Amino acid sequence: MSVIYLLISISIIVAVAFLYAFICAVRSGQYDDDYTPSVRMLFEDELIKETNKNQIHITEEKQL
């Protein structure tokens, strides 16, 4: 029975260590996304063109 208590206490210590390591990694910015903003600028023109087309259709409907 004492082995179970030992294993539970060791597993709790390991879990707390992993939680501490995860919190330190998040705070240091390790999980920040540096790739998406650089790719987003490549597709920005297409999104603007689509919204401009939609706005043109809306203004044409309002004039009719």
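Visitor: What share of the 64 residues in the chain is buried?
Guide: This is a predicted model, and in it buried residues account for 2% of the 64 residues in the chain.

Visitor: How many helices and strands are there?
Guide: The chain has two helices and zero strands.

Visitor: Which residues make the nonpolar surface patch?
Guide: Met-1, Ile-4, Tyr-5, Ile-8, Ile-12 and Val-16 form a nonpolar surface patch of about 660 Å².

Visitor: Where does Met-1 lie?
Guide: Met-1 belongs to the segment before helix H1, which spans 2–28.

Visitor: Is Met-1 buried or exposed, and why?
Guide: Met-1 counts as exposed because its relative accessibility is 67%, and the cut-off for exposed is over 50%.

Visitor: Turning to the rings, how many aromatic pairs are there?
Guide: The count is one aromatic pair. The partners are Phe-22 and Tyr-31, whose ring centres are 5.9 Å apart.

Visitor: Why is the pair called tilted?
Guide: The planes of the Phe-22 and Tyr-31 rings stand at 45°, so the pair is tilted. Planes under 30 degrees apart would count as stacked and those over 60 as edge-to-face.

Visitor: What about accessibility: how does Phe-22 count?
Guide: Phe-22 has 45% relative accessibility and therefore counts as partly exposed.

Visitor: And how does Tyr-31 count?
Guide: Tyr-31 counts as exposed, because its relative accessibility is 54%.

Conventions
Residues are numbered from 1 along each chain as its sequence is written. This is a predicted model: local features need pLDDT of at least 70, side-chain atom pairs count only at pLDDT 80 or more; totals for chains, interfaces and linings use all residues. Side-chain values use heavy atoms; hydrogens and water are left out. Rings of Phe, Tyr and Trp (its six-membered ring) pair if their centres lie within 6.5 Å; planes under 30 degrees apart count as stacked, over 60 as edge-to-face and the rest as tilted. Buried means under 20% relative accessible area, exposed over 50%, partly exposed in between (1.4 Å probe, protein chains only). Patches are made of residues with over 30% relative accessible area and no salt bridge: like charges are joined within 9 Å, nonpolar side chains (Val, Leu, Ile, Met, Phe, Trp, Tyr) within 5 Å. Accessible areas come from the Shrake-Rupley method with a 1.4 Å probe; for residues, only the protein chains shown count as cover. A salt bridge is a side-chain nitrogen of Lys or Arg within 4 Å of a carboxyl oxygen of Asp or Glu. Helices (H or I, at least four residues) and strands (E, at least two) are DSSP runs, numbered from the N terminus.
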